[in-house]
Amino acid sequence: MADWPGLLFIAEFRSPLIKPIYSTGPHHGYRFALVAAGSLLLMFLDLRFNQLDKARQSLSYVVAPVQSLVALPSELVKWSSETFSERNVLLDSNRSLRSQMLILQQKVQWLAILEAENGRLRQLLNATARLETEFLTAELIRVDPDPFSIQVIVNRGAQDGVAVGQAVVDADGLFGLVVQVDSLSSRVALVADVNLAVPVYINRNGMRTVVVGTGDLNSLELEYMPDTADVKIGDILVTSGLGLRFPAGYPVAEVIAIEHDPGEPFARIRAAPLARLDRSRSMLIVFQGQKQ
């Protein structure tokens, strides 16, 4: 009831303006009937005669901007919706493409690894043709961190029939010797280990000698070679098979340096191992005779 004075005030305030408009003229029903009759008349004239076409065309020039203006908000809403929707679709597509690109890059890297591994296995397969004895393939699983020895661990052990003293070769040359065997793995001393000596002969002239490790993966030495010995740079040293520990006829090293000291009876001869001591991961464990 407290709002009645306010309503009365509004009615009194608006009545002078509204009354002249709605209080005069015919009743609303008559107006509607009049408009409907006019519309029907215009439709009839438009259907039967062509005189209204020009008026309608002229009127369309006036109405068209109004129609465009009225449709502008809905067009803006539609454009914004499509724009943001396309942006979200593009963002999702971009994220998906990035994920696919990472997956493809990983596959390419994996294919490169497989290709390199395949190449190493092919080389190792070719190396088996040099061996007349049985052999067992092995994979490098760890490098001994002891700085005073050059040894590695392979994934073959007593369970596979491996025994201490077996020779190990890779695709290019003599790799080392098994010095310790566990159940599932074995320790291999590389041919460059200072504690390893290999009976060899020079492939060019058959001269027998012994090559020993120096602790350097890239260097071996020939022991007690007379200063006048027939040794040349480039000579290939091959296992002689003496001692029945290393397979005969397998390449070991290539002579790379010969030093003559006038005061010494022996020449200092250095050779580079042919086996890839710092790169090979696949190798063969040689069985001299029947496999145990």
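I began with Arg204, which is partly exposed at a relative accessible area of 39%. My scale was this: buried is under 20% relative accessible area, exposed is over 50%, and partly exposed is in between, with a 1.4 Å probe and protein chains only. I was reading a predicted model, where local features need pLDDT of at least 70, side-chain atom pairs count only at pLDDT 80 or more, and totals for chains, interfaces and linings use all residues. Residues are numbered from 1 along each chain as its sequence is written, and side-chain values use heavy atoms, with hydrogens and water left out.

Which residue does Arg204 form a salt bridge with? I found Asp230, with the closest N and O atoms 3.1 Å apart. A salt bridge here is a side-chain nitrogen of Lys or Arg within 4 Å of a carboxyl oxygen of Asp or Glu. Arg204 sits in the loop between strand E6 (197–202) and strand E7 (208–216), and Asp230 in the loop between strand E8 (219–226) and strand E9 (236–239), so the pair ties together parts 26 residues apart in sequence. For elements I used DSSP runs, numbered from the N terminus: helices (H or I) of at least four residues and strands (E) of at least two. Asp230 is also partly exposed, at 35%. I then noted a network of salt bridges linking Arg204, Asp230 and Asp235.

**Other salt bridges**

My search of the whole structure gave nine salt bridges. One of them joins the side chains of Asp144 and Arg187 at 2.2 Å, N to O. That pair links distant parts of the chain, 43 residues apart: Asp144 is in the loop between strand E1 (134–143) and strand E2 (151–154), and Arg187 is in strand E5 (residues 186–190). Asp144 counts as buried because its relative accessibility is 16%. I also logged Asp278 with Arg279, at 3.5 Å, N to O; both of these residues are exposed.

**The barrel**

Next I traced the strands and found a closed barrel of six, running E1-E2-E5-E4-E3-E12 with antiparallel pairing. The twist averages 45° from one strand to the next, taking axes as lines fitted to C-alpha atoms (for helices, over the stretch in contact) and angles from 0 to 180 degrees between N-to-C directions. Strands pair if DSSP finds at least two bridges between them; E1 and E2, which run antiparallel, are joined by three. Val143 has Val152 in E2 as its bridge partner.

In strand E1 I stopped at Arg142, partly exposed at 48% relative accessibility. Arg142 touches Val152 and Ile153, not counting residues up to four places away in sequence; contact means heavy atoms within 4.5 Å.

I moved on to Ser282 in strand E12 (residues 282–287). Is Ser282 buried or exposed? Ser282 counts as buried, at 7%. Its contacts, leaving aside neighbours within four places in sequence, include Glu117, Leu121 and Asp170. I found its side chain in a polar contact with that of Glu139, at 2.8 Å. Such a contact is a pair of N or O atoms within 3.5 Å; within protein, one must be able to donate a hydrogen and the other to accept it, and residues adjacent in sequence count only if both atoms are side-chain atoms.

**Confidence**

Last, I checked pLDDT, the predictor's confidence in each residue from 0 to 100. The chain mean is 82, and 88% of residues reach 70 or more.
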